[in-house]
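Welcome! Take a moment with the view below, then read on.

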Amino acid sequence: MGKLLAKHWHHMPHEEVMDLMETDPNKGLDLLKINHRRERFGVNVLTAKKSKGSLMRFLLQFHQPLIYILLAAGTVTALFQEWVDAGVIFGVVIVNALIGFVQESKAVKAMEALAKTMITEATVMRSGKKVKISSAEVLPGDIVLLQSGDKVPADMRLISSRDLQVDESALTGESVAVPKDSIQLPHDTILADRKNMVYGSALVTYGQGSGVVVAIGDSTEVGRISELISSTEELQTPLLKKIGEFSKILLYLILGLAVVTFAVGLLQGQSAFDMFMAAVALAVGAIPE
């Protein structure tokens, strides 16, 4: 079964699919095959994209040009033992970082919760008996029984259907439920028109049917899409690029204005310490946090 997941299942009669998957439409997989395939194929879940740890996400909140000014100003102010001013500056920086960290953490938790909703129950035939199992335990060759309200646990080649309709909008973008049947299709049929296939994460909206699992986890169509998304570089939107460019310009303007303020004060006979603190106050006040 090493190369089975790459076959054009929609172009094959379902009887041939059953033979290739070494399964029985009435009995499903037996215990020996279940153990062997679980060891070989693993669990039916998508590999989670590695996310940054909490510490890294917190530290990245300081990785902003304007924050650099505040950190530098706070450090120099502390060196002059102006503890109150330094405390205020560092306090602003830390509060800003905490707010950003909390907001990002909420987004990460929301994504994790969404991923967990993909785990559902599936009704399968195992050793001639109809049993309910977690969708994570579904294996290639399993005979899955579908009815209205079920979420398709994996990619399947249909072997029977009765007025079966499936919502595949998450995968194909089709706005309405698609009628399904088990009829063999031409080799060049595109994914959206493969009426004899149902894909993981799709929702059964009407009717009943049964099918044999041909792909699980990362080998499913949804898994391939997830892998493509995970492998792409994080791209900034035009708005974020403009904000980044503006931040750099603002950084240079603030630094320039602070230097001019410091220099003019010295030329007017003011003390270097007083003018430095004035320049720091100007820089801190000009940063939009």
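## A tour of strands, core and surface

D163 is found in strand β4, which covers residues 155–167. Before going further, please keep in mind that this is a predicted model. The phi angle of D163 is near 55°, a positive value in a residue other than glycine. Is D163 buried or exposed? Its relative accessible area is 55%, so D163 counts as exposed, given that exposed means over 50%.

S201 also has a positive phi without being a glycine, with a value near 85°. You will find S201 in the loop between β6 (197–198) and β7. With a relative accessible area of 23%, S201 is partly exposed. A further positive phi, near 55°, belongs to S127 in the hairpin of β1 and β2, where two residues lie between the strands.

Now let us follow the strands themselves. Strand β1 spans residues 121–126 and runs antiparallel to strand β3, residues 143–147, with three bridges joining them. On its way, β1 also meets strand β2 (residues 129–134), again antiparallel, through six bridges. Strand β3 in turn pairs with strand β7 (residues 203–215) in the antiparallel sense, over five bridges.

Which residues stand opposite each other in these pairs? M125 faces two partners: K130 in β2 and I143 in β3. T123 stands opposite L145 in β3, and L146 stands opposite G209 in β7.

| Strand pair | Direction | Bridges |
|---|---|---|
| β1 (residues 121–126) and β3 (residues 143–147) | antiparallel | three bridges |
| β1 and β2 (residues 129–134) | antiparallel | six bridges |
| β3 and β7 (residues 203–215) | antiparallel | five bridges |

Why is β1 described as largely enclosed by the rest of the structure? The reason is that five of its six residues are buried, where buried means under 20% relative accessible area.

The largest nonpolar core holds 17 residues, and M156, V198 and V213 have the most contacts inside it. Two or more residues come to this core from each of β1, β3, β4 and β7. Strand β4 gives the most, with four residues.

At 1% relative accessibility, R37 counts as buried. What lies around its side chain? A polar atom of the R37 side chain is 2.7 Å from the backbone oxygen of M21. The backbone oxygen of E22 lies 3.4 Å from a polar atom of that R37 side chain.

Finally, come back out to the surface. V43, V45 and I119 form a nonpolar patch there, and together they have about 220 Å² of accessible area. V43 sits in the loop between α2 (31–41) and α3 (54–59). Its relative accessible area is 51%, so V43 is exposed.

Conventions. Residues are numbered from 1 along each chain as its sequence is written. This is a predicted model: local features need pLDDT of at least 70, side-chain atom pairs count only at pLDDT 80 or more; totals for chains, interfaces and linings use all residues. Side-chain values use heavy atoms; hydrogens and water are left out. Two strands pair if DSSP finds at least two bridges between them. Patches are made of residues with over 30% relative accessible area and no salt bridge: like charges are joined within 9 Å, nonpolar side chains (Val, Leu, Ile, Met, Phe, Trp, Tyr) within 5 Å. Accessible areas come from the Shrake-Rupley method with a 1.4 Å probe; for residues, only the protein chains shown count as cover. A salt bridge is a side-chain nitrogen of Lys or Arg within 4 Å of a carboxyl oxygen of Asp or Glu. Buried means under 20% relative accessible area, exposed over 50%, partly exposed in between (1.4 Å probe, protein chains only). A polar contact is a pair of N or O atoms within 3.5 Å; within protein, one must be able to donate a hydrogen and the other to accept it, and residues adjacent in sequence count only if both atoms are side-chain atoms. A nonpolar core is a set of buried Ala, Val, Leu, Ile, Met, Phe, Trp, Tyr and Cys residues joined through side-chain atoms within 4.5 Å.
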